[in-house]
Amino acid sequence: KRVRKELNSVKESNLSYIALKDSYTKSDRALKLRKRGFLEGLSSNLDLLRSYQDVYRTERDWINASYRYILDRATLFRDVGGLSEDIVEAMNSYIE
C-alpha cells in the first residue's frame, strides 16, 4: 500500500513538472512579446514588470516541482529496496 502511494506521488509530481515546464515556456515567450511591445510603446513598464514576475514565479514553481519529483522517486526506490548508487547518479544528472 505504501509503495502504491509513493508511485502515485511520483506520477503526480511528474505531471506537475511537465505542466510547469510548459507554463514557464509560455510565460517566457509572453515576456519576450511584452518587451517588444514596451519598446514599441504598446505596453507600460508595469506590464513588463508583471511579465518578469510571472517568469520568475513559474521558474520557481518549476524548480520546486523538479525537486519534488526527484524526492518522490528517491522515496519510491527506497521503499522498494532499489535505491542504488547508479540511480542516485541518474537523479543527479537529471538535476544538471
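Is Tyr-52 buried, partly exposed or exposed? Tyr-52 has a relative accessibility of 28%, so it counts as partly exposed. The scale here is simple: buried means under 20% relative accessible area, exposed means over 50%, and partly exposed is in between (1.4 Å probe, protein chains only).

Before going on, keep in mind that you're looking at a predicted model, where local features need pLDDT of at least 70 and side-chain atom pairs count only at pLDDT 80 or more, while totals for chains, interfaces and linings use all residues. Residues are numbered from 1 along each chain as its sequence is written, and side-chain values use heavy atoms, with hydrogens and water left out.

Let's start with helix H1, which covers residues 2-39. Helices are DSSP runs of H or I with at least four residues, numbered from the N terminus. After H1 comes Gly-41, with a positive phi near 80°.

Which residues of H1 are buried? Among them are Val-10, Ser-13, Tyr-17, Leu-20, Tyr-24, Ser-27 and Leu-31. Take Ser-27: its relative accessibility is 11%, so it counts as buried. Leaving aside neighbours within four places in sequence, Ser-27 is in contact (heavy atoms within 4.5 Å) with Asp-54, Val-55 and Thr-58. A polar atom of the Ser-27 side chain also lies 3.0 Å from the backbone oxygen of Tyr-24.

Now for the rings. A pair of aromatic rings is described by the distance of the centres and the angle of the planes. Rings of Phe, Tyr and Trp (its six-membered ring) pair if their centres lie within 6.5 Å; planes under 30 degrees apart count as stacked, over 60 as edge-to-face and the rest as tilted. By this rule there are three aromatic pairs. In one of them, Tyr-17 and Trp-62 have ring centres 6.1 Å apart and planes at 40°, so the pair is tilted. Tyr-17 sits in H1 and Trp-62 in helix H2 (residues 45-79), so this pair ties together parts that are 45 residues apart in sequence. Tyr-17 is buried at 16%, whereas Trp-62 is partly exposed at 21%. Together with Tyr-24, these two form one aromatic cluster.

That brings us back to Tyr-52. Its ring is stacked with that of Tyr-56, at 6.3 Å centre to centre and 20° between the planes. Both lie in H2, four residues apart, so about one helical turn separates them. Tyr-56, at 51% relative accessibility, counts as exposed.

How values were computed
Helix = DSSP H or I, 4+ residues; strand = E, 2+ residues; numbered from the N terminus. Polar contact = N/O pair within 3.5 Å; in protein donor to acceptor, adjacent residues only side chain to side chain.
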